[in-house]
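Subject: Structure for you to look at

Hello,

Here is the structure I promised. Please open it and keep it in view while you read my notes.

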Amino acid sequence: MKYQTQKIAYWYFLAAMAVFAVQVLGGLWAGWIYVSPNFLSELMPFNIVRMLHTNALIVWLLLGFFGAAYFLVPEEAEREMHSPMLAYIQLGILLLGTAGAVVTYTFDLFHGNWLLGMEGREFIEQPVWVKVGIVVAALIFLYNVSLTVLKGRKTAITNVLLLGLWGLALLFLFAFYNPANLSLDKMFWWYIVHLWVEGTWELVMASILAFLLLKLTGVDREIIEKWLYIIVATALFSGILGTGHHYYWIGLPSYWQWIGSIFSTLEVIPFFAMMSFSFVMVWKGKRDHPNKAALLWALGAATVAFFGAGVWGFLHTLHGVNYYTHGTQITAAHGHLAFFGAYVSVNLAIITYAMPILRGRDPYNQVLNMASFWLMTGGMSFMTFVLTFAGTVQTHMQRVLGENFMEIQEGVHLFFIMRWVSGLAVVIGAILFIYAQLVPRREIIEPTDQYESEGA
């Protein structure tokens, strides 16, 4: 490890893995409710379980992004972080806000007053005081990281990372704007949800992936930076107006049907470019890096992101198709594989790469780590196919035949059982991953000179 302040990332990664465990367990619980609708319903209603599952996903991914930034920025900028104390204060605020949101959800404290209340907007259900805390934490982070970069070396990786993180923080401010008109509400709501996951988060993913491939393959920085700028350009060009594919059915002008269809179709390009970039860099690279598991996660992230976000997104993005499939299990299939490939996997890749360095040892438990990759990826892929078939049946029964809701639920019940089994595989894989990161093998191997000399 070249810079002492890179150790900040260790605590962010620990927090991220803890919330990751909560998130996948919550998903398994929610999945079982689809199989047995009354399961623990008096203890925890489905809407609360689902809220915990989706919000935990967002929180742990953000913790992973912040940790990745604190790990790679010192090395890219060639200087220590501006203020380690601010970084730890930021982590404390985020964890306090997370705990506050969980307590609010679990004990249904939404009805107390404006400060504790929930506005009923999916993914941004956090109480107002938690949203304020998120903004404060984001400002601390941006100040800390930006000052470090401005005083140090500027690289394409840090430039793209900062662009993505600044965009992420600024777009969250729309969470405080809740117009009474439902169409306007949804329009601005998508400014957060879509422009995060199909805009700014793509830039964060691309920069982390570029850093990993730079370290793992040994390819010249100049080549990687050229690819990075191409990916960023295509992501922003397609992603911003691609927001229109969410505007088809919320009362906005009809021209969004065509704008959304055309530009969201083009959103396949940056994910295909990322996948091609990853494999080309490995092919060109000459370095036999000891951390094989990190390389597997990096290549897996780019590949699964292409299929989940690119291919499965394209399957129902055209308005003529979306007219029938909107809000069905096909949407869930796309969402699960896209999030897992694009953002879960890249976070697990940087954690796999960084943790041995932060703990001062060679990569260990790599076989378990790679087994966790195949368990999680296989489970999520099977879940995607199951939900796709369930959505197809659901679309036909509901939108074509006009059958009622309970008949449809019976018609896809078998798919829900298979979905739960695939979710169990994901949970087992997640537990294996966390174990592999935190528990060393009995045969402790001293760090090799090669691995120590890289530092990160």
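Start with helix 12 (residues 329-358) and helix 13 (residues 366-400), whose axes lie 7 Å apart at an angle of about 165°. Keep in mind that this is a predicted model. An angle over 145 degrees counts as roughly antiparallel, and helix 12 and helix 13 are therefore roughly antiparallel to each other. Their crossing is left-handed. What classes of residue make the contact of helix 12 with helix 13? There are 11 nonpolar residues and 12 polar ones, and no charged residues.

Next, a second pair. Helix 9 and helix 10 (residues 292-315) cross at roughly 155°, and their axes come within 8 Å. This pair, too, is therefore roughly antiparallel. The crossing of helix 9 and helix 10 is left-handed. Helix 9 brings Val268, Phe271, Phe272, Met274, Met275, Ser278, Phe279 and Val282 to the contact. From helix 10 come Leu295, Leu299, Ala302, Thr303, Ala305, Phe306, Ala309, Gly310 and Phe314. By class, the contact of helix 9 with helix 10 has 14 nonpolar residues, 3 polar and no charged.

Now look at helix 8 (residues 255-266). It has 12 residues. From first C-alpha to last, helix 8 reaches 17 Å, close to the 16 Å expected at 1.5 Å a residue. Which residues of helix 8 are buried? They are Trp256, Gly260, Ser261, Phe263 and Ser264. An α-helix has 3.6 residues a turn, so residues three or four places apart point the same way. Find the buried residues of helix 8 and see what they pack against: helix 7 (221-242), helix 9 (268-284) and helix 11 (319-325).

Last, two loop residues. Most residues other than glycine have a negative phi. Leucine 40 has a positive phi, near 50°. Where is leucine 40? Look in the loop between helix 1 (8-35) and helix 2 (46-77).

Phenylalanine 123 sits in the loop between helix 3 (84-106) and helix 4 (128-151). Its relative accessibility is 24%, so phenylalanine 123 counts as partly exposed. The cut-off for buried is under 20%.

Best wishes

Note on methods: Residues are numbered from 1 along each chain as its sequence is written. This is a predicted model: local features need pLDDT of at least 70, side-chain atom pairs count only at pLDDT 80 or more; totals for chains, interfaces and linings use all residues. Side-chain values use heavy atoms; hydrogens and water are left out. Axes are lines fitted to C-alpha atoms, for helices over the stretch in contact, and angles run from 0 to 180 degrees between N-to-C directions. Helices (H or I, at least four residues) and strands (E, at least two) are DSSP runs, numbered from the N terminus. Angles under 35 degrees count as roughly parallel, over 145 as roughly antiparallel, 65 to 115 as roughly perpendicular and the rest as oblique. A crossing is left-handed if the near helix is turned anticlockwise from the far one by less than a right angle, and right-handed if clockwise. Ala, Val, Leu, Ile, Met, Phe, Trp, Tyr, Cys and Pro count as nonpolar, Asp, Glu, Lys and Arg as charged, and the others, Gly among them, as polar. The expected span of a helix is 1.5 Å times one less than its number of residues. Buried means under 20% relative accessible area, exposed over 50%, partly exposed in between (1.4 Å probe, protein chains only). Contact means heavy atoms within 4.5 Å.
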